[in-house]
Amino acid sequence: MNRLGKLYFRYGTMGSAKTAMLLTQAYNFEERGMAYMCFKPVVDTRDAKNVIRSRIGIERECQWIYPDTDLYAVIRRIFEETMETPGWMLIDEAQFLSAEQVDQLAHVVDDFGCNVVCYGLRTDFTSHLFEGSRRLFEIADSIDEIKSTCSCGRKTIVNARIDSLGRIVTEGEQVEIGGNDKYMAVCRKCWTNKRIELARKDTLPFDSDDI
């Protein structure tokens, strides 16, 4: 095919309006009559139906991506049935993709000329890369950071996990779905200081008032 596409990765911390940007882009495509499709990994179970929903309250239907979904096969099937493919694929929560699925998206770009825009987190609550994000950093044609600000004024970097009392959590499964009740986007310095503060509290001797 003559149409040229690109694989984009747009990443940011939680609360940086990534999903709102995706939905705005979908709306603009619709207004211009441009063909597009929205996708989202099914691991994000906060919504019972297949929608992409922003924190500001807007939403749009999407197709689920399951762990065994072959995204290249999805687009190839559309092409075989219609002799056309969508010009754009918009993917929310791309950090939950497998490395293999990211490779499939790259093949969609190269073989069918689709533009694939992936929105997602860079790292988990321990500051380590998600599998899908790592692969996108390795092979994406275009990488952009969606910036947001920590309460101290610095740029947010870490998606810190918190407990019911608002204390930093440092252990647990990599994936634990939640919103403001479980996560807080902070800069590296605040994340470090909060962990040091927690460690000090855990090592303090009991208070005499507890006797």
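User: What is the bridge partner of M37 in β6?

Analyst: This is a predicted model, and in it the bridge partner of M37 in β6 is M89. Strand β2, residues 36-41, and strand β6, residues 88-91, are joined by four bridges in the parallel sense.

User: How do you know that β2 and β6 pair?

Analyst: Two strands pair if at least two bridges are found between them, and β2 and β6 have four bridges, so they count as paired. They belong to an open sheet of six strands in the order β5-β2-β6-β7-β1-β8, where the pairing is parallel. Because β5 (63-65) and β8 (142-145) each have a single partner strand, they stand at the edges, and one side of each is left without a neighbour in the sheet. From one strand to the next, the twist averages 20°.

User: Why are α2 and α3 called roughly parallel to each other?

Analyst: The two helices pack at an angle of about 30°, with axes 7 Å apart; since angles under 35 degrees count as roughly parallel, α2 and α3 are given that label. In their contact, L71, Y72, I75, R76 and F79 of α2 meet residues of α3, among them L105, V108 and F112. The contact's residues divide into seven nonpolar, three polar and two charged. As for the sheet, α2 (residues 71-82) lies across β2, β5 and β6, while α3 (residues 99-112) lies across β1, β5, β6 and β7.

User: Why does T13 count as buried?

Analyst: The limit for buried is under 20% relative accessible area, and T13 has 4% relative accessibility, so T13 counts as buried. This residue lies in the loop between β1 and α1. Leaving aside neighbours within four places in sequence, its contacts include K18, L121, S148 and A185.

User: What makes strand β9 largely enclosed by the rest of the structure?

Analyst: Five of the five residues of β9, which spans residues 158-162, are buried, and therefore the strand is described as largely enclosed. V158, A160 and I162 point one way from β9, whereas N159 and R161 point the other way. Strand β9 also has pairing partners: four bridges join it to the antiparallel β11, where A160 stands opposite M184, and two bridges join it to β10, again in the antiparallel sense.

User: Why is the aromatic pair of F29 and Y36 called tilted?

Analyst: Planes under 30 degrees apart count as stacked and those over 60 as edge-to-face, with the rest called tilted. F29 and Y36 have 45° between the planes and 6.0 Å centre to centre, and the pair is tilted. Both F29 and Y36 are buried, and together with Y8 and W88 they form one aromatic cluster.

Key
Residues are numbered from 1 along each chain as its sequence is written. This is a predicted model: local features need pLDDT of at least 70, side-chain atom pairs count only at pLDDT 80 or more; totals for chains, interfaces and linings use all residues. Side-chain values use heavy atoms; hydrogens and water are left out. Axes are lines fitted to C-alpha atoms, for helices over the stretch in contact, and angles run from 0 to 180 degrees between N-to-C directions. Contact means heavy atoms within 4.5 Å. Buried means under 20% relative accessible area, exposed over 50%, partly exposed in between (1.4 Å probe, protein chains only). Angles under 35 degrees count as roughly parallel, over 145 as roughly antiparallel, 65 to 115 as roughly perpendicular and the rest as oblique. Ala, Val, Leu, Ile, Met, Phe, Trp, Tyr, Cys and Pro count as nonpolar, Asp, Glu, Lys and Arg as charged, and the others, Gly among them, as polar. Rings of Phe, Tyr and Trp (its six-membered ring) pair if their centres lie within 6.5 Å; planes under 30 degrees apart count as stacked, over 60 as edge-to-face and the rest as tilted.
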